[in-house]
Amino acid sequence: MSNPKVAVIGTGYVGSVTASCLALLGHQVCGFDSDATRADQLAAGQLPFYEPGLAELLRETLASGNLRFTDDPRQALEDVDVVFLCVGTPTGAGGNPDLAQLASAAWTLAPYLRDGTVVVNKSTVPVGSADWVRTLLEEALPRNAAPAFHVVSNPEFLREGSAIEDFLYPDRIVLGGDGDGVGPVAALYVPIVTQAFPRARTEVVPQLITTDLASAEMIKYAANAFLAMKISFANEVANLCELVGADARQVLPAIGADRRIGTAFLSAGVGWGGSCFGKDVTALIATGHDYGYSPDLLRASIEVNKLQRAVVIRKLQRELKILKGRRVAILGLSFKPGTDDLRDAPAIDVAHRLIAAGAVVSAYDPIVKQLPPDLAGVRIASDPYDAAHRANAVVLITEWPEFTGLEPARLAGAMSGDLLLDGRNVLPDAEFRAAGLRVLGVGW
Ligand code: UDX
């Protein structure tokens with residue numbers, strides 16, 4: 001199939017990254033979104049969310065003529081060869097993902113299916129969903145139509161804040177499905193596998209992993225569940241270190257030096273957040289229950305993570321005795337640096353708990369300048385020192401790079417108290433102690 005016509009249904013985070021990157025590789029791509037405003041915004045090169053480098057890539061690929069956006073299904077899907085489904089699958093009842101958007105995408109697509117059309121599922125869906133997508137499409141087909149189309153699972157492993165990097169320079173690309181379907185999709189990824197495109201890196205050698213549908217879907221969940229579990233393990237070890245007088249900042253890198261373990265995703269702190277880990281681990285647990293199996297290890301990963309947020313409050317209570325009327329400054333609101341995303345962000349949880357305890361909360365984040373209405377009581381500060389103004393305690397929650405440049409004396413001078421809680425173990429504690437602050441961390 002030379003010069004295939006590619007469409008991407010759903011232009012949220014995963015869809016807009018996928019469409020722009022495939023266009024950068026030289027493919028003709030049309031992004032479709034039933035939300036006309038979003039389709040128009042993207043067609044004008046505007047992004048409704050923050051992701052480093054994506055706005056520039058969007059404008060570059062629009063200008064190249066390889067990328068278009070539309071809310072007209074005919075324009076995007078007529079004579080299409082390969083269609084990526086990139087719609088949202090938020091957590092639904094009982095922890096199972098809500099597949100309503102996937103169903104509506106299938107209904108939009110069905111009339112345009114032909115023999116050989118390849119439908120690629122990139123949305124995170126419970127194991128077994130690709131067959132479900134096929135059933136949906138067949139249901140939606142006109143009575144007399146029976147095109148021989150293919151369904152392929154192609155899970156994404158994009159991290160917010162480095163999505164373009166993760167798409168263009170992946171460790172692996174996973175394709176699940178029958179050979180006739182997998183072939184055309186693998187062909188689209190050849191420039192990445194061989195690193196033959198404008199921004200290629202010779203040192204990157206992605207693996208192309210082809211497998212069956214169910215295994216491809218499980219790979220996505222298992223990968224996220226493992227990362228979440230690894231972080232929860234690091235936090236559990238950190239909590240134990242505090243009890244026995246060891247230092248997790250020494251212990252974790254030392255165990256990570258073992259290549260079987262690895263240091264990545266082994267940083268203790270206030271726990272993980274974001275739109276994926278919690279959702280995917282919960283979905284995997286729900287899948288287990290559907291089969292009468294109890295995935296206790298996965299459940300424990302979630303419990304340990306919840307505990308880490310409570311650990312922050314417990315430390316503040318222990319040091320400040322009472323929280324009622326105390327001023328506490330939070331540094332960092334987004335669930336991690338490099339994004340403006342507040343979904344399941346630890347800082348939001350901690351802010352709620354502080355307010356519930358009667359504390360007066362201020363917060364500073366380099367890019368998040370607004371909080372949800374139920375946190376209207378939190379004062380958004382213009383910089384870290386403004387946040388720390390007359391604070392009894394300062395808590396670092398998101399490890400934005402600029403916080404490692406904080407001036408200890410200036411911070412201490414702004415505060416009325418002397419308590420600094422480094423929830424990510426990133427600050428040079430000795431320097432802050434020298435400035436007269438009591439410094440606490442996680443795991444030491
Ligand atoms: C994650 C997966 O990494 C990605 O492959 C998948 O496609 C989507 O979900 P993302 O949610 O963007 O990506 O964030 P990630 O960088 O994985 O961080 C998740 C959370 O873990 C953040 O809250 C981060 O602060 C926390 N984290 C990460 C730790 O607490 N310790 C670590 O060592 C690493």
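**Salt bridges in a predicted model**

Modeller: Happy to walk you through this predicted model. In helix 6 (residues 129-140), Glu-138 and Arg-134 sit four residues apart, about one turn of the helix.

Colleague: What makes Glu-138 and Arg-134 a salt bridge?

Modeller: Their side chains meet at 3.4 Å, N to O, and the cut-off is within 4 Å, so the pair qualifies.

Colleague: Why is Glu-138 called partly exposed?

Modeller: Its relative accessibility is 42%. Buried means under 20% and exposed over 50%, so a value in between is partly exposed. Arg-134, at 24%, counts as partly exposed too.

Colleague: Which pair links distant parts of the chain?

Modeller: That would be Glu-156 and Lys-220, whose side chains form a salt bridge at 3.3 Å, N to O. Glu-156 lies in the loop between strand 6 (150-153) and helix 7 (163-168), while Lys-220 lies in helix 9 (residues 213-244), 64 residues apart. Both residues are buried.

Colleague: And what about Arg-438 and Asp-418?

Modeller: They meet in a salt bridge at 3.1 Å, N to O. Arg-438 belongs to strand 14 (residues 438-440) and Asp-418 to the loop between helix 15 (408-414) and strand 13 (419-422), so the bridge ties together parts 20 residues apart in sequence. Asp-418 has 29% relative accessibility and counts as partly exposed.

Colleague: Which residues do salt bridges with shared partners join into one network?

Modeller: Asp-247, Arg-249, Asp-429 and Arg-433. The structure holds 26 salt bridges.

Note on methods
Residues are numbered from 1 along each chain as its sequence is written. This is a predicted model: local features need pLDDT of at least 70, side-chain atom pairs count only at pLDDT 80 or more; totals for chains, interfaces and linings use all residues. Side-chain values use heavy atoms; hydrogens and water are left out. Helices (H or I, at least four residues) and strands (E, at least two) are DSSP runs, numbered from the N terminus. Buried means under 20% relative accessible area, exposed over 50%, partly exposed in between (1.4 Å probe, protein chains only).
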